[in-house]
Amino acid sequence: ASRTDPSNAICVICMENEAKSKSFKPANWTQLSPKEIKRLPPQALSRYLAYESPSKDALAGKEQCLKRLRETRTKEVESSEEIKRSASVQIADEKRARLVGQLKAAEARNRL
């Protein structure tokens, strides 16, 4: 699958986000102490933490999520390929059955 293939959109988005994160990393302009962070109101706290680097737990969770997404995507691709294969086999069987039926009908006509 190519990079522009829409079926590979999840992985492409992940790779683009990783590339963007290497080129530009937003950061807080002011560094607050842990006591000051605890005293922030909820909205200011979320705004401040949005630009802090994520914790190890958050990074591990993100990696697990991306891993699950990749596994799900590969399973979907494999199952769609199996469905296509089974559909083509079914079509071939139907054509073969139709051909056998036509041959039997021709033989029956010749017997009369």
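At 39% relative accessibility, D93 counts as partly exposed, where buried means under 20% relative accessible area, exposed over 50%, and partly exposed in between (1.4 Å probe, protein chains only). This residue belongs to a predicted model, in which local features need pLDDT of at least 70 and side-chain atom pairs count only at pLDDT 80 or more, while totals for chains, interfaces and linings use all residues. Residues are numbered from 1 along each chain as its sequence is written, and side-chain values use heavy atoms, with hydrogens and water left out.

A salt bridge is defined here as a side-chain nitrogen of Lys or Arg within 4 Å of a carboxyl oxygen of Asp or Glu. Side chains of opposite charge can pair when their charged atoms come close. D93 and R96 are three residues apart in helix α4, so about one helical turn separates them.

The structure holds three salt bridges in total. Another one joins R73 and E76, at 3.2 Å from N to O. Both residues lie in helix α4 (residues 56–111), three residues apart, about one turn of the helix. R73 is buried, with a relative accessible area of 18%, whereas E76 is partly exposed at 41%. A further salt bridge links R85 with E81, whose closest N and O atoms are 3.8 Å apart. These two residues also lie in helix α4, four residues apart, again about one turn of the helix. E81 is partly exposed, with a relative accessibility of 37%.

Helices (H or I, at least four residues) and strands (E, at least two) are DSSP runs, numbered from the N terminus. Of the 112 residues in the chain, 6% are buried. The accessible surface comes to about 10000 Å², and carbon and sulfur atoms account for 58% of this area. Such areas come from the Shrake-Rupley method with a 1.4 Å probe; for residues, only the protein chains shown count as cover.

Between α3 (42–50) and α4 there is a loop, and E52 is placed in it. E52 is partly exposed, at 29% relative accessible area. Leaving aside residues up to four places away in sequence, E52 touches N28 and Q31, where contact means heavy atoms within 4.5 Å. E52 and A27 are 25 residues apart in sequence, yet their C-alpha atoms are 6.3 Å apart in space. The side chain of E52 also makes a polar contact with the side chain of Y48, at 3.4 Å.

How confident is the predictor in this chain? The mean pLDDT is 81, and 79% of the residues reach 70 or more; pLDDT is the predictor's confidence in each residue, from 0 to 100. Confidence is lowest in helix α1 (residues 9–23), with a mean of 55, and highest in helix α2 (residues 34–39), at 91. Over residues 4–12 the pLDDT is below 50, and this stretch has seven contacts in the model beyond near neighbours in sequence.

Methods
Polar contact = N/O pair within 3.5 Å; in protein donor to acceptor, adjacent residues only side chain to side chain.
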